[in-house]
Amino acid sequence: MNSGLVARILGNLLLIEGAVLAVPLGISLFLGERRAAIGFLVSMGVTGLIGLYLSNVPAKSPRLKAREGICIVTIGWTIVSFFAAVPFLLSGAVPSFVDAFFEAVSGLTTTGASVLSRIEDLPKGILFWRSLLHWLGGMGILVLTLAILPTLGVVGFQVFRAESPGPTPDKFTPRLAATSKILYVIYGVLTALIVLAVRTAGVSWFDSILLAFGSVGTGGFAPFSDSVMGLGANTPLVLVLASSMLLAGVNFSLYYELIRGRWKQALANSELRWYLAIMGLSVLAVSLNLYGRVYGSIGETLKHAWFQVSSVMTTTGYVTADFDLWPPFSKGILFLLMFVGASAGSTSGSVKVVRLMVGAKVVRGEISRVLHPQAARPVIVSGRVMPPEVVRNVISFLLLYFAVFAVGSLMISLDGLDLFSSMSAVAATLGNVGVGFGGVGPTAGFAGLGLGSKLILSFLMLLGRLELFPVLAVLSPRFWKE
Amino acid sequence: MDILIVGMGKLGYRLAETLVASEHNVTVVDSDEEALVKAVNRLDVLTVTGNGAQLQLLEEIGVGKKDLVIAVTSSDETNVLICVTAKKLGCPRVAARVRNPDYAGQIDFLKRELAIDFITNPELDTANEVARYLLRGYNSHLESFAGGRVGLFEVPAAALPEVIGKTLAEVDVFRDLLVGALYRDGEVIIPSGETRLESGDTLYLIGRRESVTALIRSHADLGQRHVTKKVMILGGGKAGFYLANRLLTAGLSVKIIEQDEERCGYLASHLPGALVICGDATDLDLLQDENLSDMDALVSFTGHDEENLMLALLGKQHGVAKVVAKVSRSNFVPIIEELGIDRAVSPGLISAGELVRFIQGGQVASLSLMFGGQAEAMELVVPPTAPIIGKALSEAGIPSGVLIGSVVRQGQVFIPKGDFIIRGQDRVIAFCLHKQLPALSKLFDPKRRGIGHELWFGRKDTGKPSAD
């Protein structure tokens with residue numbers, strides 16, 4: 001293995017993290033939060049120095065193979081989470097390291113599951129850092145590295161493929177560095193628009209930025225203890241956030257098509273249509289179930305139903321209503337949406353609509369083959385035949401996802417939670433949603449879980465964000481032989 | 001430049017590799033998904049699956065906004081169709097591979113009437129390269145630059161016993177010649193003053209023609225003249241046909257051995273001066289009956305690399321002075337020359353060199369890919385705004401792996417030292433390792449525009465006015 005090059009790229013990653021830490025440091029200094037500022041300063045120094053050391057390791061060759069690519073992605077996400085946890089601990093915001101690590105992983109993987117309570121009392125710098133992690137993790141920290149350091153461009157496709165969500169990554173310019181830059185520009189512009197929209201809905205600048213980070217990265221950290229329930233009466237804000245999450249769940253390469261004036265191609269994308277259709281049907285079903293039982297007016301019903309559906313489906317995890325108190329049918333729909341996720345190439349987590357489409361088409365093909373054994377039934381998505389390797393990969397992913405979910409649920413149930421709470425805790429972390437039911441419901445949070453459970457769930461968040469295979473490949477004994 | 005390559009065969013891949021290394025934005029189209037997966041995993045290119053001659057696909061890719069389209073699919077007719085379509089869609093420059101000898105007479109017609117800017121024929125180029133090697137007087141001459149004023153020569157270090165074991169700074173026989181590159185154990189080295197010469201090295205000397213001639217005169221081993229009169233060509237395919245044709249025109253005696261009877265008939269009728277033998281080239285008895293050991297040169301041009309390699313080795317064993325083997329997998333060229341075969345030629349590599357020279361346009365006047373593409377010797381015309389201008393060479397930030405071999409200014413040849421200052425419009429002959437190509441083009445390209453420009457237009461603009 002070309003460990004020199006792996007070290008160098010990881011070093012660059014840490015250098016970027018160190019540089020980014022300057023932003024919350026500035027906020028804490030400006031607001032005179034001494035302990036937090038010291039925490040950020042120390043973390044910045046440690047991260048920067050280690051990054052500087054690693055980035056000067058000589059590399060044997062400038063070529064990167066698939067195994068080094070997944071190694072960089074898996075180890076990179078782990079160490080960046082590790083160093084991101086340090087300010088939480090040093091500032092005294094989070095007392096134990098396991099809790100700090102959980103919070104950092106939850107931020108970076110855009111899960112949004114929190115172990116913190118009394119969030120309004122925390123230093124602003126810490127709150128900003130938590131939400132900034134969402135923003136960085138949403139589009140991908142390595143994509144950011146590729147965008148800033150184009151010298152990695154030649155070797156980066158393995159990394160890009162392992163980090164970007166979905167079965168087949170979209171590279172839409174000849175140069176990977178250009179693709180990464182365009183993705184970040186689109187992401188940045190979308191974020192800025194959302195900040196303005198949230199601000200217009202009557203929220204302070206600081207909270208607007210944090211809410212925008214949380215929604216565009218489909219994360220879910222809010223600067224309030226009760227998520228956004230306290231702002232549930234502010235209808236414009238609820239609608240702005242619900243649409244922001246919806247937009248963040250769209251494949252970003254479609255925005256590029258739009259910019260290039262190719263409306264038709266963008267709108268003909270079948271994953272987009274399925275995504276909107278699933279969301280629309282879910283909102284309708286939940287609304288019919290809630291109307292008259294929970295909310296009296298049609299407007300209120302639709303507002304809360306859409307917000308919760310949009311939030312859970314895009315794996316954000318903001319809540320305007322305690323859906324744990326909703327009727328079982330609505331809860332069931334939200335639970336199932338945790339296994340859907342939004343589009344490939346978006347910032348959302350979980351399975352992704354395109355994989356379910358492929359799965360459904362394979363099943364339909366098999367059914368028709370019972371009647372016509374010789375029928376040719378290729379899997380066609382957006383007018384293109386999916387290569388058999390991709391179909392195989394998708395089917396294995398689906399199987400593996402549910403296997404991990406089952407095993408994870410059993411392990412968490414050892415903690416004494418009831419079975420549905422355990423299952424929802426795993427679905428919410430593996431799918432990067434961040435909010436579950438019962439013991440980990442909208443008002444409960446993850447603080448009450450044991451140390452072991454927190455570590456397992458942290459692992460599941462990383463596993464889910466990197467889409468299972470890279471992490472499991474690095475953990476397989478075969479990877480380290482040779 | 002934004003370049004579209006249609007066809008990801010050996011030539012397409014080799015081209016994409018070279019162009020990506022020179023910082024061009026490359027998009028590749030092929031109908032074979034597997035070839036594209038291989039390309040995208042190893043090269044920073046955009047891949048599109050489909051039939052590259054289809055109008056809808058070309059429009060979708062935005063061929064009108066590309067600076068260049070290169071059609072190198074396996075079919076000549078498809079390549080021409082692609083070029084014509086691309087040109088009509090507004091692409092300023094198009095190039096195609098056309099290799100059927102039946103079309104050889106209409107290349108000029110295709111260029112003029114169908115507006116195809118460049119046509120490469122790998123088999124013809126290969127045949128010409130081999131013919132050049134067989135026909136030249138001195139064994140050591142390799143390439144001429146700047147209209148013949150500067151020569152590139154290949155000299156085994158063993159022929160210059162006084163230089164072995166010394167560093168280049170200590171050696172004085174070269175006087176106003178420069179060692180541009182060394183070939184040692186299958187690897188190319190771009191030397192510096194501290195490089196020590198070893199007996200197994202092959203040196204590549206560059207300099208004024210007269211200086212080279214003087215060096216050769218003073219060393220008897222180098223002066224050996226090989227006059228080739230009798231050539232045996234194994235395999236009468238396209239390349240064999242072109243080579244035989246060329247050698248016959250030069251007055252040599254040519255014997256072709258070809259297995260396919262119908263093909264033999266074609267060769268015999270189209271090459272009246274040649275002796276065409278219908279038989280299996282791998283049949284040793286046949287080769288001996290045809291006086292293999294009596295030949296001055298053996299050229300093995302069958303369709304199989306392995307056969308070519310073995311037949312060439314066989315020729316060497318029978319005392320043939322010059323043996324040449326065709327190898328389609330260009331990566332093996334250096335290894336094969338290690339085995340004692342005088343020349344291994346790869347049509348893909350030669351064609352890639354031709355195309356790269358065409359693409360670099362005005363700047364690169366002449367270019368040869370050396371040693372299976374590990375390094376290149378190229379002649380550049382320095383644009384008036386290049387960053388290298390006005391600084392002493394030792395301070396111009398020239399990376400290791402790049403060497404300025406000679407500079408031609410107003411007809412005068414200079415062998416530059418560290419204090420030499422390059423001016424605009426100089427012709428520079430540079431040696432460069434393949435991996436240092438981006439660094440080299442940075443030294444010579446006119447100023448680039450920034451990231452903002454690239455984001456806005458979705459491509460890098462080198463500030464060059466588009467050629468033609």
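Select S282(A), A285(A), V286(A), N289(A) and L290(A) in α14(A), then F329(A), S330(A), I333(A) and L337(A) in α16(A): these two groups meet each other. Contact here means that C-beta atoms, placed from the backbone, lie within 7 Å. Sorted by class, the contact of α14(A) with α16(A) has six nonpolar, three polar and no charged residues. Nonpolar covers Ala, Val, Leu, Ile, Met, Phe, Trp, Tyr, Cys and Pro; charged covers Asp, Glu, Lys and Arg; the others, Gly among them, count as polar.

This is a predicted model, in which local features need pLDDT of at least 70, side-chain atom pairs count only at pLDDT 80 or more, and totals for chains, interfaces and linings use all residues. Residues are numbered from 1 along each chain as its sequence is written, and chains are lettered from A and ligands numbered from 1 in the order in which they are written.

Now show the whole of α14 (residues 270-290) and α16 (residues 328-337) of chain A: their axes come within 9 Å and cross at roughly 160°. That angle makes α14(A) roughly antiparallel to α16(A), the term for angles over 145 degrees. Axes are lines fitted to C-alpha atoms, for helices over the stretch in contact, with angles from 0 to 180 degrees between N-to-C directions. Helices are DSSP runs (H or I, at least four residues), as are strands (E, at least two), numbered from the N terminus.

Next, select α9 (residues 176-200) of chain A. Its 25 residues should span 36 Å at 1.5 Å a residue, and the end C-alpha atoms are 36 Å apart, which agrees. The expected span is 1.5 Å times one less than the number of residues. Just after α9(A), G202(A) takes a positive phi of about 95°.

Pick L190(A), I194(A), A197(A) and V198(A) of α9(A), which make the contact with L237(A), V240(A), S244(A) and L247(A) of α11(A). This contact has seven nonpolar, one polar and no charged residues.

Move to the contact between the chains, which takes twelve residues from chain B and 13 residues from chain A. On chain B, select β2 (25-30), α2 (33-42) and α16 (451-457), the elements that give two or more residues to the side touching chain A. That side of chain B has five nonpolar, four polar and three charged residues.

Note on methods:
Angles under 35 degrees count as roughly parallel, over 145 as roughly antiparallel, 65 to 115 as roughly perpendicular and the rest as oblique.
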